[in-house]
Amino acid sequence: MKPDLVHPKRVFFPNLDGLRFFAFLAVFIQHSNSVWISNIDFYSHVWLRVIKIFLYSAGDGVSFFFVLSGFLITYLIVKEKFESGKINVLYFYIRRCLRIWPLYFLLVFLEYTTLPTVANYLHWDIAKDIRPLYVITFLSNFNFLEIVRHGTVKYSLLGTSWSVAVEEQFYLVLPLLFYFIPQKAYKFIFPVIIIACYAFRIAHAGDNLFLYFHTFCLFGDLAIGGLLGYYAYTSKGFILWLKGLSRAVIAGVYIAGFLWIFYTTQIHHNSVLFTALGRFVNCVFFAFIIAEQCFCENSFFNLANNKFASKWGKYTYGLYLLHIMGIMITSDVAGRLFPGVKMDTFLKDVAFRLVALFLAMLISYVSYEFYEKQFLKLKERFAIIKTNKYTK
């Protein structure tokens, strides 16, 4: 299911819903690793060790979301500019606010009003160092940088707020760049951001937490996606090249990419340069996956054909923000029903994750259908370029 036109009238890349869902699963697996789970080193069979490695690494779902967001938002901005002759920056901000803010600020409200009461009743050890000013101004990635440096984030509904903050910072800047920079210089926007980002990462390569949370260390992810989005719209030759890629080339890139992620998540690297630049390879691979699913005609699979992943792709924003709630509740209930029991078997480990995932999906479904959807209807009123109703 590929777009029939290089520049479709209505922007909809059907395979991306499935990609969103699998990117969320990677994030979910990483976050569920740290809750009520003991080591599972007793696995003696090779296939069980492989499963363990997958469960405990699962790639970098946050980077994938960054690249995907950069691609979609840039594609829409460039399409608006070239088709209408201008960019309505105000409408862009309104659309972003209507998509991001309602659920985000509902969680902020619950974090500082309801969660303390629930935590007091259930004896949860909640985070007390997530500062409201950072959260409401979408600067919480800087707050989390200090929190993690001096300890760990405890029970909190805002555990993913730092990455939302980075995206919002990017959304604030990107339309202004396309508004003020001359059109002939558009092609330099993303290369400059990428080069500046990785120069900044090299300059701070000795501080892993800084590299993980600081805005200037992360804009490169979004810019790599943005570069793909820019050329996906402006270069017919690039699209024709993607369409003609052989299955052998596609398979080779996928194998190399997954081996790279497997290697980099399992081996400790002392190289400062590798620490600073390794993320670049991940993001280029993620950009290839997006391009392959959107434009290649010789794909081995189309995620749009995976009805389950595609269906749940539209709930991904809620899943991303709310899955921590599912993990928290499952962890508490399991701890009360089975006190002293740890995840010392593979089946217990998987059972915990499945229950937490089911609960997260249920909460996200209710959130989307009865709350978020109302704001998405308003969002369509400010659309310059028409999308399918689930496009980010």
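Thr-316 belongs to helix α15, which spans residues 316-337; helices here are DSSP runs of H or I with at least four residues, numbered from the N terminus. The residue is buried, with a relative accessible area of 3%, where buried stands for under 20%, exposed for over 50% and partly exposed for what lies in between, with a 1.4 Å probe and protein chains only. Leaving aside residues up to four places away in sequence, Thr-316 touches Arg-20, Phe-21, Phe-24 and Phe-65, a contact being heavy atoms within 4.5 Å. The model is a predicted one, in which local features need pLDDT of at least 70 and side-chain atom pairs count only at pLDDT 80 or more, while totals for chains, interfaces and linings use all residues. Residues are numbered from 1 along each chain as its sequence is written, and side-chain values use heavy atoms, with hydrogens and water left out.

Rings of Phe, Tyr and Trp (its six-membered ring) pair if their centres lie within 6.5 Å, and planes under 30 degrees apart count as stacked, over 60 as edge-to-face and the rest as tilted. Phe-21 and Phe-308 form an edge-to-face pair, 5.6 Å centre to centre and with 85 degrees between the planes. Because Phe-21 lies in helix α1 (residues 16-32) and Phe-308 in helix α14 (residues 307-313), this pair ties together parts that are 287 residues apart in sequence. Phe-21 is buried at 3% relative accessible area, whereas Phe-308, at 47%, counts as partly exposed. Both rings belong to a cluster linked by ring pairs, whose members are Phe-21, Phe-22, Phe-24, Phe-28, Phe-308, Trp-312, Tyr-315, Tyr-365 and Tyr-368.

Charged side chains also meet rings: Arg-96 lies over the face of Tyr-171, 5.3 Å from the ring centre, and the charged end of Arg-247 sits over the ring of Phe-300, at 4.9 Å from its centre. The criterion is that NZ of Lys or CZ of Arg is within 6 Å of the ring centre and within 35 degrees of the ring normal.

The largest nonpolar core has 112 residues, among which Phe-13, Leu-16, Phe-71, Phe-178, Phe-190 and Ile-290 touch the most other members; such a core is a set of buried Ala, Val, Leu, Ile, Met, Phe, Trp, Tyr and Cys residues joined through side-chain atoms within 4.5 Å. Helix α3 (residues 61-84) supplies the largest share of this core, 13 residues. Not counting residues up to four places away in sequence, Phe-71 has contacts that include Phe-13, Leu-16, Ile-290 and Phe-295.

Conventions. Helix = DSSP H or I, 4+ residues; strand = E, 2+ residues; numbered from the N terminus.
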